[in-house]
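Trainee: Could you walk me through reading a buried residue and then a chain interface?
Mentor: Gladly; let us look together.

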Amino acid sequence: MACRIINKRRHVGLQQLSSFAETGRAFLGPVKSSKFITDEGCHKSVLVSSTVRLLESLDTTSAVGQLLNEAVQAQNDTYRTGATTLLFLAGAWSRAVEECLHLGVPIPIIVSVMSEGLNSCSEEVVSLQVPVHNIFDHMDSTEAVSGLETVSGSSLPQDLSEAISVPEKQDLKDDVPQLATYSLSEKPGKSPKFFKPQATVEAGKNTSQTLKNLHTDTCFRKSVLIHSRHFKRTDNNQGICTPNRFLEQCGAATFQTYGCRDLVELAVGLSHGDGSSMQLVEAAVRLQYQNACMQPGSRAAPFMFDISRLFTFCLPGLPETFSCVCPGYITLVSISSAAMIQELQNRPIRVVLIEGDLTESYRHLGFNKSTHIKTVLDGVKLQEDSSEELWANHVLQLLIKFSVNLILVEGNVSEHLIEKCRHRNQLIIGSVNGRVMQTFAEATGAVQVAYITQVNEDCVGSGVSVTFWRNPLDDLDRSNRMAILLKTEGISMITAVLTSPVRAQMQTKEDRFWTCAYRVHHALKEEKVFLGGSAVEFLCLSHLHILAEQPLQKGDHACLGRLHDTSSWLASSLASYRPTVLKCLADGWHRYLSALLCNTATYSSELEASTFVQHHVQNAVDSGCPSAYILKEYNKLNSGIFNLGISNKPEQIPRVYDVVTPKIEAWRRALDLVLLVLQTDTEIITGLGHTQINSQKLEGCLFL
Amino acid sequence: MMSCLEAKKPSLCHREPLTAEKVRTTLAVLKGVLTSCYGPFGRLKQLHNGVGGSVCTTSQSAVLLRNLSVTHPVLKVLIASVQNHVSCFSDCGLFTAILCCNLIENVQKTNLATATAIKLNKRLLNFCTNYLRSESCGCRIPVDFSSTQILLCLVRSVLTSKPACMLTRKEVDHISTLILRAFLFTIPESTKNPIILGKSIIISLKGPRVTDSTVLPGVLIEIPEIQLMKTLPVRKSSALKVALFSTSLSGDFSDPGEGSVVVSYRVSLENAVLDQLINLGRQLVSDHVDLVLCQKVMHPSLKRFLRTHHIIAIDRVGVTPIEPLSKATGAQPIGSLGPVSPSSYGSVKDWHSAQFGCKHFFHLIPNEAPVCTLLLCNRNDTVADELKLACQTALHVLQLTVKEPWVLLGGGCTETHLAACIRHTTHKEPGNILQGEGCTQAELQLIAEAFCSALESLAGSLEHDGGEILTDMKHGHFWSMQD
């Protein structure tokens, strides 16, 4: 066993952390650059464009690397967003902490002041929260639902027409503000007509009037709502945009912010440069809402976006225009089943759900097969068929007895059985996700069983319809499989079909879709969002500068942070070190903002970006109330700091939003990681004999 | 058979192993590692196997000592005895280990005969324990169970001495309150003698914020979401009858060991066992059981059978909750598939399904049994493990106060005070300590000095950032200063 002192002169752990973090810099902000990671050993390479995938591919076996990986994974598992923020800030703050160490600040003081500083920031940014309320109040469901019913009431569609398709993303720079980016049906006349074309004139008029207003973009949003005839009933302006007064403590200038009350606005604001994924998410939310409205008793409970009922289905090779969301479950089956699907469609079929494998030898989990059992034949003539054949026949009899035509299996399925069933128009689908099974169980009344022999009349579900997702011969993939769609009346499950002509991008596309979906999920769940475009980070930066200037109040326990023991000399010398540490913490955010501006290509060099940030921070601090300054700048059309890379046409500036808790949690996790590494002074390598560690690593080791 | 003959190596005898240079250096390294971990500002250690195994960041002796693999017998003895202390009391592992190292080091410097040194150290230890237990002791405070102040302080000092928990002041307050509440839950309401404390289970939950942690009466059993949805929402106003199985109900047959079982064709052992299980199920139904909990796996057919008879069946509970479940419900764990004795059944007041973070739980609420669950949330595994251990320690410490309702002053006070006391007594009344043991006063002075400086340097170990420790020799007070 050996132990190694890791902070003799410079803290090795912090250095490792900041160099790891450097690799993720390109993923910060809405403009992301992908990376190729090449394995020099086998010359394989992968294309990554997110922090999580990057860390999956990097060698993070060092202790610090593992801690970083653990922190990023934990953030991703919990929120599915914020990993890049975490990675970058972990790097920026480890540099800041190194700076503090260099200046001779005692470690407990760094730990205490930094965590206090971050706490204070988290409280401060509450002022930039925007409430997300009653998003669905303005979405009158009846019309949409009847539109949908018209479609599904007709004969079962053969192609995309039932699915809500998303046409190519409308560029934000187009002249007409586009809300009608999706339609419920491609068939003319059956469209639910969310938006009346003649409303455009009205909107234009409104815009010109409200342009003089400081809150141009917000009010324009409101006028956009008028496009929909469902929103027209709200004639008075206050009906949709209720000013939410705050920041009145800032004295002279009282600013107003408006709640986000429109799904489109929310979705665009949270898309962070990925409009096409977000449009799919938005369509999925709408679809789920309409579905919820159709359920009996839906009026009683408020609608909640249930992300567990959302699934993705990736189809590489197809052009991006084929991406869409559909109610139901989409999966691939062998092309040889085409005739069977043809036969089965247009009629409701009965379904059985199997929890385990559908093979003869399968036994439920936890069952130990004894190996010491011998079967003897006492004079009985053995049947010619093998046990597999017997079993398959038994299964077939059962399926015929209960007239079942569809079996969904969570595990593997015997090929032999699939083959046998195909001739009898019985479709078996294996490797079905557990949540999909659950949804089908709810929608069809089927009960999941472990063994097919358990099936009785009560276990069989009914009312499933099966169709080709598209014309089967159009899009065969290399493995000769085709996509089919399974659904029932009122199924709450939604599948997003993601297509990409470039196979290597499929993973990225799926990741981005989920990131967008989770952002919307968190925003709707929390009923609040932050003003985005790095407004919160900028507020933190300015706030810390102000905090550093303020003298420490006597007896102010909040300032002690993690310094629980007030009798120590550390508590008394806290005041002298505090401004230095807070400034170092602020430097982390400064680096973050500069990198962000650099990535969006607004500034050619980091230095230029840094100067620009510095200029604005000075202004904000001088103004005395940074949050008011930020709101003012935010609403200014070409301030350049919060409206990155967007044209200067006022009517096309969408608001940018950020999710609240995932963001704050990412900060906290990043700082916790840095402080954990900072407080570590020794690396203890356990369980190895001295000889097994190579001599190069042995340098500076002590042995026990 | 031929036996292998090898020339026997002569046994090596080392005299006074502690004087060996190698032992001294390794002891110094060990002391360095442990001392740097000590106290609220202690430094953390990263433990890992150097080839990509999981990393553990800690400053707690229980984890450190478990992972240290030392070679020398002297260090093995030392570590084993400290581990023994930790397993008995949970707390003060580092204190014990550092004091050991200090004493060995200091006593060696005195060059006294080992026997004398041992005798005198024992005397001094006796003096210390007697003094700390006496009424005149100046550094102990009685625990006042009528208010929460001292108990909360005690818990808080346990938590804050573990910096790897990464708790802010607010979070420390929150967790301290929860621990105290969990402790109070385990105190039975009836005052029968002897009072047996109940059980508190700690469940660690990765993901949510620390402030989302909570304490609940009863037992939480984690179950997969899908299974929970399937359990029937049958609610009864009266208490629910519970059967608790510790045996597997998966339908596999007992292992024949070396031999093999011969069965004739067309006899299915699986079906035979399944029939037995269904018979068991029938008995449960006729006995009006409402809830069946199984430590291991339950056969899907049995599960379905029970569910069709409106019995909630939960399997794969695991071994840890079995004892608390038995305590909470009064049910005896059933270990066979034979007929169930009615006395094995227990009962619970009610059940709920609960969701914390992304996990689903089955929450059993007992009638009045003092069982509770402390649900600890934390951001990631590293910190969660550390916090769980710290909370276990704090709960144990609280339980110990029931036995001995006194606490000692922390932050190095007690050590400094004791050292001052010993110095005073050896100067003024050496006879009190010597008690005619045949040691000279000079020897006592030497050993007392070694002992006291071991205590004082232990108090000084709380400082890690270049501060200075000032001690008032007369009154035994202790300050930390910046130099």
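Mentor: We take one residue, then the contact between two chains. This is a predicted model, where local features need pLDDT of at least 70, side-chain atom pairs count only at pLDDT 80 or more, and totals for chains, interfaces and linings use all residues. Residues are numbered from 1 along each chain as its sequence is written, chains are lettered from A in the order in which they are written, and side-chain values use heavy atoms, without hydrogens and water.

Trainee: Is A:Thr51 buried or exposed?
Mentor: Buried means under 20% relative accessible area, exposed over 50%, partly exposed in between (1.4 Å probe, protein chains only). A:Thr51 counts as buried because its relative accessibility is 1%.

Trainee: Which residues are in contact with A:Thr51?
Mentor: Contact means heavy atoms within 4.5 Å. Leaving aside neighbours within four places in sequence, A:Thr51 touches A:Phe27, A:Val72, A:Ala83, A:Thr84 and A:Leu87.

Trainee: What is the area buried between chain A and chain B?
Mentor: The size of an interface is often given as the accessible area lost when the parts come together. Buried area is that loss (1.4 Å probe), summed over both parts. Here it is about 6800 Å², with 57% from carbon and sulfur atoms. Chain A gives 81 residues to the contact and chain B 75 residues.

Trainee: How many salt bridges are there between chain A and chain B?
Mentor: A salt bridge is a side-chain nitrogen of Lys or Arg within 4 Å of a carboxyl oxygen of Asp or Glu. The count is five; one salt bridge joins B:Glu171 and A:Arg668, with the closest N and O atoms 3.0 Å apart.

How values were computed: Buried area is the accessible area (1.4 Å probe) that two parts lose on being put together, summed over both.
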